[in-house]
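Me: I have a structure open and have not seen it before. Can you walk me through a few parts of it?

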Amino acid sequence: MHWLFGDQLGPHFLTPGEEGPGPETPLLMIEARSVFRRRRFHRAKAHLVLSAMRHRAAEPGDRVTYVRADTYRQGLARTARGRPVGVHHPTSHAALRLVRALPQVTVGPARGFLVPMTGFAAWADGHGGKRLRQEDFYRWVRRGHGLLMDGEQPAAGRWNLDHDNREPPPREAASLQVGRPYRPREDDIDEEVRHDLDRWERDGDVSFVGRDGPRLFPATRTEGLRALRRFVEHRLATFGPYEDAMLAADPVMSHSLLSSSLNLGLLDPVECVERAERAWREGRAPLNSVEGFVRQIAGWREYVWQLYWYFGEGYRRSNALGHTAPLPDWWNRLDADAVRANCLRTVLAQVRDTGWTHHIPRLRCSAVTRSSGAGTPPPSRTGSTAASWTATTGPCSPTSSACPSTPTAAG
Ligand SMILES: Cc1cc2nc3c(=O)[nH]c(=O)nc-3n(C[C@H](O)[C@H](O)[C@H](O)COP(=O)(O)OP(=O)(O)OC[C@H]3O[C@@H](n4cnc5c(N)ncnc54)[C@H](O)[C@@H]3O)c2cc1C
């Protein structure tokens, strides 16, 4: 039997080899309610994860046994009953501890990333104690995967096109003039999920934060592929120049909105970067946009994930800046209305209403605010505090997209 976690939903988690399941191996999925009790989820994220899992189990002709249980252990005991179970390496230390503690479970290598963890460890160890740099790693990945390469040289002779990708938003424009992103249509499974979440909340079993409007992100492989196609055909060309710009009235701009599909395992990062490269080679998107997109996936996404594992469990708690103040309650409640500083209010409202905001608001508004001012009174209370909160967004370099937090299962 092979166990699929809720973020291992695409076909690349089932291909044989490297301890993948055989074509006839029965599959097991466990929907564990305890996951939603352990920490407070955004309601739209809970909806998306459950919808994606239930859609996966409902795929016709599949061999999935879908169990609803209180905990993973209970679900496994009820279904596998002592039989051997294989699983691909999960995406958090906590989940890895769990599967390793279960004697019947064999853990295979991770999938859903470009570089095996052993490959990254060898690369990082090979630095002989020198500082690890994302740019070096990214070039190594490009070489190893032949991504945007012309023989031994980077495409068009340049590894880094950040210089072309620092445009401010067009003057006077409230939004970018670019094709709309793909948005899915809800179905009966979504209705059932919403009904269940309402009931769990009503029963006091779990509590969520944020709003759960119509589902905005793909829950199936088909939807994920549509989103990828729409992005590559209609939005990739303008991705690069504005990737580090923000517009209050246009939260999405030219971003791909693919992170949740990648994190749920609906899309393989390899297919995303290869399609983008093809668009450039066929003259459908300029190199700066394609390189910028490839850099986010094969560079940043990959690097943050690899560091999480390379530095071990203590990394999450390393707190290099020595911050100890708790996050304010209005922050934890995503209470945008309690905030007067426009940048922070706008971003909190986006997260409250959609569960998503792009990497620059995360970096410049939310992360910088968190790391500089957590625990101080909200900006609405005193003018001077508001000023200092706004000022904290200043020192960031305009193109810096360092990601100080670790991707979670569904972004
Ligand atoms: C402070 C901070 C916290 C973040 N937290 C998360 C998180 O919890 N989960 C998560 O998946 N991503 C996180 N990111 C990365 C990124 O912001 C989101 O993945 C991205 O906003 C998703 O939108 P998109 O798919 O439209 O991205 P696009 O801009 O279209 O980029 C394409 C893909 O590249 C990857 N990517 C883009 N920017 C980054 C980045 N800075 N670091 C790593 N990967 C990146 C994502 O997989 C994304 O789907 C964080 C970034 C920052 C700065």
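Me: What should the 15 residues of helix H7 span at 1.5 Å a residue?
Reply: They should span 21 Å. This is a predicted model, and in it the end C-alpha atoms of H7 (residues 188-202) are 21 Å apart, which agrees.

Me: What is the phi of Gly204, which follows H7?
Reply: The phi of Gly204 is positive, near 75 degrees.

Me: Next, H10 and H11. At what angle do their axes cross?
Reply: The axes of H10 (residues 269-281) and H11 (residues 287-310) cross at roughly 165 degrees and come within 9 Å. Angles over 145 degrees count as roughly antiparallel, so that is how H10 and H11 run to each other.

Me: Is the crossing left-handed or right-handed?
Reply: H10 passes H11 in a left-handed crossing.

Me: Which residues meet there?
Reply: From H10, the residues include Cys272, Val273, Ala276 and Trp280. On the H11 side, Val290, Phe293, Val294 and Ile297 are among them. By class, the contact has 12 nonpolar, no polar and two charged residues.

Me: Now the sheet. What is the strand order?
Reply: The order is E3-E2-E1-E4-E5, an open sheet of five strands with parallel pairing.

Me: Which strands stand at the edges?
Reply: E3 (64-69) and E5 (105-108) do. Each has a single partner strand, so one side of each has no neighbour in the sheet.

Me: How many bridges join E4 to E5?
Reply: Four bridges join E4 (residues 85-88) to E5. Val87 stands opposite Val107 in E5.

Me: Which strands does helix H2 touch?
Reply: H2 (residues 43-57) packs on the sheet and touches E2 (27-32) and E3. The direction of H2 makes about 150 degrees with that of E2.

Notes:
Residues numbered from 1 in each chain as written. Predicted model: local features only at pLDDT ≥ 70, side-chain atom pairs only at ≥ 80, totals over all residues. Helix = DSSP H or I, 4+ residues; strand = E, 2+ residues; numbered from the N terminus. Expected span 1.5 Å × (residues − 1). Axes fitted to C-alpha atoms, helices over the stretch in contact; angles between N-to-C directions. Parallel < 35°, antiparallel > 145°, perpendicular 65-115°, else oblique. Left-handed = near helix turned anticlockwise from the far one by under 90°. Contact = placed C-beta atoms within 7 Å. Nonpolar A, V, L, I, M, F, W, Y, C, P; charged D, E, K, R; others polar. Pairing = 2+ DSSP bridges.
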